[in-house]
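Biologist: I would like to learn how to read helices and salt bridges in a model. Can you take me through one?

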Amino acid sequence: MTAASRSWREEGQLIGFVPTMGALHEGHLSLVRAASQECDRVVVSIFVNPLQFGPGEDFERYPRDLDGDRNLLEEAGCDVVFTSEADQLYPPGFSTYVVNDELGRRMEGEVRPGHFRGVLTVVAKLFHIVAPDLTYFGQKDAQQAVLIRRMVTDLHFPVEVRVMPIVRDVDGLALSSRNAFLSREGRGRAVSLSRGLENARSSFASGERRAAALTAAARETMERQEGVSIDYVVCVCAEDLRPVERCDRPALLLIAARVEGVRLIDNLVLSAGEADGRAEAPRKEPS
Ligand code: AMP
């Protein structure tokens, strides 16, 4: 991978990189398509990273479908799929980690201790291996996107980070590899997350700026749906993820819940210019 990347760079080709854990869906593919519009070469990594799963989480049963993924990636414009065995990325003696104590302990980090240490460490390693010019992440994992941007700035990675909008199913449910674990009934229940966000969005659009009222709008919808167990519903500053009382500046409404034991997250961007909740669009026109 490193040799390929080096020779592309020598030829002046722009390298785009999309890190994933596989079991790909349209959300992942939207990142790959964005990369292939902007870059000459697109690398997608597929690696279910054991380091970002806690004990008792779903590492073992996380969906895996390498052959299916390869076919989807070829059509979406990916040039190279990078995969690795865990013991190659983490050989005996591995003991250096990337940690963000400030942003990595709240919300997802609080519910899943060590999760972001695993994410940042593997992404830092993959950035070194792939050496991309641009890298693409999904707004679906909003806290992760903020942490990646922070790491890139703090550790001087020479890569530009793009964060792409959440891709949803027609009923509003944010696409996620974990949706495959839901029964038909559970899937119906899970839609209450995006419905809750939709309520908060209408409330925001009609001028509500109090975080407590906006989170209540989302929470009430989720609480009305039986079988949905809420982990958190919070409004935080879009830049530093600190809880806010008012959403006058760009903020995020982050939610996490469990349905049939499956952990689901979703979010809404609360910004006067972006009241439709979309993340930033790609900055460059397709060539
Ligand atoms: P994962 O395979 O879950 O680690 O996700 C790989 C990348 O795809 C991450 O940057 C995710 O934020 C992104 N992603 C996952 N689901 C979606 C979605 N529904 N819409 C947009 N991006 C997504």
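**Reading a helix and its charged pairs**

Modeller: This is a predicted model. Take Asp171 to begin with: its relative accessibility is 32%, so Asp171 counts as partly exposed.

Biologist: Which side chain meets Asp171 in a salt bridge?

Modeller: Side chains of opposite charge can pair when their charged atoms come close. Here the partner is Arg187, at 2.6 Å, N to O. The pair links distant parts of the chain, 16 residues apart: Asp171 lies in the loop between E5 and helix H8, Arg187 in helix H8. Arg187 is partly exposed, at 24%.

Biologist: How many residues apart are Arg189 and Glu185 in helix H8?

Modeller: An α-helix has 3.6 residues a turn, so residues three or four places apart point the same way. Arg189 and Glu185 are four residues apart, about one helical turn. They form a salt bridge, with the closest N and O atoms 3.6 Å apart. Arg189 is buried at 18%, whereas Glu185 is exposed at 54%.

Biologist: Which strands do Asp231 and Arg258 link?

Modeller: Their side chains meet in a salt bridge at 3.2 Å, N to O. Asp231 sits in strand E6 and Arg258 in strand E7, 27 residues apart. Salt bridges also link Glu102, Arg106, Asp240 and Arg242 in a network. The count comes to 25 salt bridges.

Biologist: What do the buried residues of H7 pack against?

Modeller: H7 covers residues 142-154 and reaches 18 Å from its first C-alpha to its last. Its buried residues include Val146, Leu147 and Ile148. The buried residues pack against several elements, including helix H6 and strand E4. His156 follows H7, with a positive phi near 55°.

Conventions. Residues are numbered from 1 along each chain as its sequence is written. This is a predicted model: local features need pLDDT of at least 70, side-chain atom pairs count only at pLDDT 80 or more; totals for chains, interfaces and linings use all residues. Side-chain values use heavy atoms; hydrogens and water are left out. Helices (H or I, at least four residues) and strands (E, at least two) are DSSP runs, numbered from the N terminus. The expected span of a helix is 1.5 Å times one less than its number of residues. Buried means under 20% relative accessible area, exposed over 50%, partly exposed in between (1.4 Å probe, protein chains only). Contact means heavy atoms within 4.5 Å. A salt bridge is a side-chain nitrogen of Lys or Arg within 4 Å of a carboxyl oxygen of Asp or Glu.
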